[in-house]
Amino acid sequence: MLAKHGSRRWESTISGYHDTPPTSRLQACELSVFRGERLVLDDISLSLAPGEAMILHGANGSGKSTLLRVLAGLRQADGGHVLWAGSDIAADRAAHASRVAYLGHQDALKPGLTLRENLHLACVLADTAPDEAIDAFALQPLADLPARLLSAGQKRRTALARVAVSQRPLWLLDEPTLGLDTHAIERFGHVMADHRTRGGVIVATTHVPLPLDDTRSLVLPDLAAFPLSGGHDTEGLSV
Ligand SMILES: Nc1ncnc2c1ncn2[C@@H]1O[C@H](COP(=O)(O)OP(=O)(O)OP(=O)(O)O)[C@@H](O)[C@H]1O
């Protein structure tokens, strides 16, 4: 358990996140997104129940990061909707932001703050303590070093620890294992399994295998292979 006992977001008996009752579900319905003139996502639908995980596959440029950002509410789709528990996330963006832990390609650490200090704000927002996540990613010996002194893999572990302490039910992870060694990947697998056991949902992009069991998979076609007009003959994708 990564939350402090008695926190707002954690029920003290083994249970799950407060805002992921069994009826909560992430859904994307017929999403389409243009980047500039180019249609990048066309008619993408998905549906994930609490505890489920999905891996997004596809060639470079096929729109995996774009889809994650739309699911996070960081980018608006040009068509279609994203729903959480049946409600359009556009109806209350602040509420959606408070349930999402988003990790992009950048680790977004403050270089002058220590590892532990970098976790502090997420801990305050979630009313959690950092120690269990620090342990989960074997970061104890580094906890009081400024982030600027960490290696690439150590920074990535710290960014993943920040996701873990967030106590957010929806994890959207863009190539989360970038730079991780095999031990760190294994540890990350345990953290993801724990998240799912508590009803958390994961959508992750990756070009390498992730330590996740029983995942759904969505392969995005590379629409750059089609004319700029967006006129192409692929079927809409639905998972
Ligand atoms: N700011 C932008 N303006 C216009 N097009 C963009 C912009 N950013 C990205 N794109 C285009 O959007 C498409 C999808 O990019 P995206 O980053 O979502 O792909 P990806 O599948 O995550 O790629 P990768 O596997 O390389 O990380 C690409 O063709 C890219 O060139």
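Student: Why is Gln167 called buried in this predicted model?

Tutor: Gln167 has 26 other C-beta atoms within 10 Å. The cut-off for a buried residue is 20 or more, and Gln167 is therefore buried. Its place is in the loop between helix 5 and strand 7 (170-174).

Student: What is the phi of Gln167, and what kind of value is it?

Tutor: Phi of Gln167 is near 60 degrees, which is a positive value in a residue other than glycine.

Student: Which other residue has a positive phi although it is not a glycine?

Tutor: Ala108 has a positive phi of about 55 degrees and is not a glycine. Ala108 is placed in the loop between strand 6 and helix 3.

Student: How do you know whether Ala108 is buried or exposed?

Tutor: Ala108 has 12 C-beta neighbours inside 10 Å. A residue is exposed if the count is 12 or fewer, so Ala108 counts as exposed.

Student: Where does Gln106 lie, and what makes it buried or exposed?

Tutor: Gln106 lies in the loop between strand 6 (100-103) and helix 3. Gln106 has 9 C-beta neighbours inside 10 Å, and therefore it counts as exposed, given the limit of 12 or fewer. In sequence Gln106 is 51 residues from Ile55, and in space the two are 19 Å apart, C-alpha to C-alpha.

Student: Why is Ala85 given the description "partly exposed"?

Tutor: Ala85 has 14 other C-beta atoms within 10 Å. An exposed residue has 12 or fewer and a buried one 20 or more; the value for Ala85 falls in between, so Ala85 is partly exposed. Ala85 is in the loop between strand 4 (79-84) and strand 5 (87-88). Its C-alpha atom is separated by 8.2 Å from that of Gln27, although the two are 58 residues apart along the chain.

Student: What makes Val208 count as it does, buried or exposed?

Tutor: Val208 has 9 C-beta neighbours inside 10 Å, so it counts as exposed. Val208 is found in the loop between strand 8 (201-205) and strand 9 (216-220). Between the C-alpha atoms of Val208 and Ala143, which are 65 residues apart along the chain, the separation is 28 Å.

Student: How do you know whether Arg148 is buried or exposed, and which residues does it touch?

Tutor: Arg148 has 11 C-beta neighbours inside 10 Å, and therefore it counts as exposed. Arg148 is found in the loop between helix 4 (131-136) and helix 5. Not counting residues up to four places away in sequence, Arg148 touches Pro111 and Gly112. Leu115 is 33 residues from Arg148 in sequence and 9.3 Å from it in space, C-alpha to C-alpha.

Student: Let us turn to the helices. How are two packed helices described?

Tutor: They are described by the angle between their axes and the distance between the axes.

Student: What are these two values for helix 3 and helix 5, and what makes helix 3 roughly parallel to helix 5?

Tutor: The axes of helix 3 (residues 115-126) and helix 5 (residues 152-165) come within 9 Å and cross at roughly 15 degrees. Angles under 35 degrees count as roughly parallel, and helix 3 is therefore roughly parallel to helix 5. Their crossing is right-handed.

Student: Which residues meet where helix 3 packs with helix 5?

Tutor: From helix 3, Leu115, Asn118, Leu119, Ala122, Cys123 and Ala126 meet Thr158, Ala161, Arg162 and Val165 in helix 5. By class, this contact has seven nonpolar, two polar and one charged residues.

Student: What makes helix 1 mostly covered?

Tutor: Seven of the nine residues of helix 1 are buried. Among them are Lys64, Thr66 and Leu67. Helix 1 is followed by Gly73, whose phi is positive, near 80 degrees.

Student: Which element gives the largest share of the shell around the ligand?

Tutor: Helix 1 (residues 64-72) gives the largest share, three residues. The residues around the ligand include Arg35, Asn60, Lys64, Ser65, Thr66 and Ala224. By class, the shell divides into two nonpolar, eight polar and two charged residues.

Key. Residues are numbered from 1 along each chain as its sequence is written. This is a predicted model: local features need pLDDT of at least 70, side-chain atom pairs count only at pLDDT 80 or more; totals for chains, interfaces and linings use all residues. Axes are lines fitted to C-alpha atoms, for helices over the stretch in contact, and angles run from 0 to 180 degrees between N-to-C directions. Helices (H or I, at least four residues) and strands (E, at least two) are DSSP runs, numbered from the N terminus. Angles under 35 degrees count as roughly parallel, over 145 as roughly antiparallel, 65 to 115 as roughly perpendicular and the rest as oblique. A crossing is left-handed if the near helix is turned anticlockwise from the far one by less than a right angle, and right-handed if clockwise. Two residues are in contact if their C-beta atoms, placed from the backbone, lie within 7 Å. Ala, Val, Leu, Ile, Met, Phe, Trp, Tyr, Cys and Pro count as nonpolar, Asp, Glu, Lys and Arg as charged, and the others, Gly among them, as polar. A residue is near a molecule or strand if its C-beta atom, placed from the backbone, lies within 6 Å of it.
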